[in-house]
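Welcome! Have a look at the sequence and the model below, and keep both open while you read this briefing.

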Amino acid sequence: MRTLIAAATLALTASTALAAPCGNDSSGFAAWKQAFAAEAAAAGVGSAGLQALANAQYSQSTINADRNQTGVRYELNEFIRIRLGSLDSFAGQMRRQRDQNASFFANLERAYGVPAGILLAIHGMETGFGRTMGNTPVVDSITTVAYDCRRSAFFTPHAIAALVLVDRGGLSPNQRGAAHGEMGHTQFLPGNALRYGVDADGNGRVDLYGVADSLASTANFLRQKGWQPGQPFQEGTANFRVLNEWNAATVYQQAIALSAARLQ
């Protein structure tokens with residue numbers, strides 16, 4: 001397994017003056033793309049990525065989703081009912097997924113120290129074990145939020161990263177994902193895909209739309225964020241705090257830990 005890190009690509013920071021002017025509707029998107037192309041090329045994006053940028057379309061559905069975010073406001077039991085059905089039924093789904101490839105999950109735990117239950121809980125909660133990975137073209141969505149003035153500083157490095165992934169063959173120019181550019185089986189943002197992505201199947205590229213690469217990358221992310229192998233992960237532990245790096249909603253973290261415990 002090889003980790004592909006592109007720190008130079010993510011070197012854009014808030015202190016760097018953005019060459020491309022942001023906007024709040026579609027009217028300036030074409031001009032922004034032209035300016036952003038120079039910025040992307042300077043950051044190392046190649047011809048395939050620049051072509052994907054040239055073809056990108058403003059995603060109104062992404063903006064609509066961005067403006068209507070409400071966060072997680074459910075109590076834990078209600079969250080579990082809505083998202084999982086029940087802990088027992090969800091753990092049963094996790095168990096079936098694990099048993100289909102038990103050696104793979106055992107290898108991941110040896111390599112990264114993250115147990116199968118944690119990875120499968122994330123996989124199931126994020127995309128229903130790969131059934132719903134999103135329906136918005138990733139390049140469209142991530143460039144749209146990079147252009148949008150509300151959070152352009154945050155999303156600009158992720159837009160650069162998405163274009164680099166196109167160059168490397170890890171992302172098709174038309175590949176679809178979630179509304180804000182989240183990708184693959186566990187919904188990585190493109191910058192995190194570059195930083196923590198693992199080529200688990202050894203085909204020379206990180207493809208988060210493949211289960212092996214996606215789950216290995218998720219394990220690597222958690223380990224790099226401080227996961228302690230062999231230690232407990234229930235609420236109040238150091239490993240539970242690492243789950244905050246994955247999702248900041250406490251009920252989400254609780255549901256991951258409780259589901260994983262049911263699998264053990």
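This is a predicted model: local features need pLDDT of at least 70, side-chain atom pairs count only at pLDDT 80 or more; totals for chains, interfaces and linings use all residues.

Residues are numbered from 1 along each chain as its sequence is written, and side-chain values use heavy atoms, leaving out hydrogens and water. Helices (H or I, at least four residues) and strands (E, at least two) are DSSP runs, numbered from the N terminus.

**Helix 7 and its partners**

- Helix 7 (residues 116–127) packs with helix 13 (residues 250–263) at an angle of about 125°, their axes 8 Å apart. Here, axes are lines fitted to C-alpha atoms, for helices over the stretch in contact, and angles run from 0 to 180 degrees between N-to-C directions.
- Helix 7 and helix 13 are therefore oblique to each other. Angles under 35 degrees count as roughly parallel, over 145 as roughly antiparallel, 65 to 115 as roughly perpendicular, and the rest as oblique.
- The crossing of helix 7 and helix 13 is right-handed; a crossing is left-handed if the near helix is turned anticlockwise from the far one by less than a right angle, and right-handed if clockwise.
- On the helix 7 side, the contact (heavy atoms within 4.5 Å) is made by Ala116, Gly117, Ile118, Leu120, Ala121, Ile122, Met125 and Glu126. Helix 13 brings Tyr252, Ala255, Ile256, Ser259, Ala260 and Leu263.
- By class, the residues of this contact of helix 7 with helix 13 are 11 nonpolar, two polar and one charged. Ala, Val, Leu, Ile, Met, Phe, Trp, Tyr, Cys and Pro count as nonpolar, Asp, Glu, Lys and Arg as charged, and the others, Gly among them, as polar.
- Helix 5 (residues 87–100) also meets helix 7: the axes come within 10 Å and cross at roughly 110°. Helix 5 and helix 7 are therefore roughly perpendicular to each other, and their crossing is right-handed.
- In this contact, Phe90, Met94, Gln97 and Arg98 of helix 5 meet Ala116, Gly117, Leu120, Ala121, Gly124 and Met125 of helix 7. Six nonpolar, three polar and one charged residues make up the contact of helix 5 with helix 7.

**Helix 2 against helix 9**

- Helix 2 (residues 47–55) and helix 9 have axes 7 Å apart and pack at an angle of about 125°. Helix 2 and helix 9 are therefore oblique to each other, and helix 2 passes helix 9 in a right-handed crossing.
- Ser47, Ala48, Gly49, Ala52 and Leu53 of helix 2 meet Leu163, Val166 and Asp167 of helix 9. The contact of helix 2 with helix 9 has five nonpolar, two polar and one charged residues.

**The buried face of helix 12**

- Which residues of helix 12 (residues 238–246) are buried? They are Asn239, Phe240, Val242, Leu243 and Trp246. Buried means under 20% relative accessible area, exposed over 50%, and partly exposed in between (1.4 Å probe, protein chains only).
- Seen down the axis of helix 12, these buried residues fall within an arc of 150°, so they line one face of the helix. The arc is that of the directions from the helix axis to the C-beta atoms.
- A handy rule: an α-helix has 3.6 residues a turn, so residues three or four places apart point the same way.
- The buried residues of helix 12 pack against helix 7, helix 11 (211–224) and helix 13.

- His158 sits in helix 9 (residues 152–168) and counts as buried, at 9% relative accessibility. Leaving aside neighbours within four places in sequence, His158 is in contact with Ile142, Leu189, Pro190, Gly191 and Asn192.
- Glu39, in helix 1 (residues 29–42), counts as buried at 11% relative accessibility.
- Asn220 belongs to helix 11 and counts as buried at 4% relative accessibility.

**Positive phi angles in loops**

- Most residues other than glycine have a negative phi.
- Phe129 is not a glycine, yet has a positive phi of about 60°. Phe129 lies in the loop between helix 7 and strand 1 (136–137) and is buried, with a relative accessible area of 9%.
- Gln187 has a positive phi too, near 65°. Gln187 is in the loop between strand 2 (176–177) and helix 10 (190–196), and counts as buried at 15% relative accessibility.
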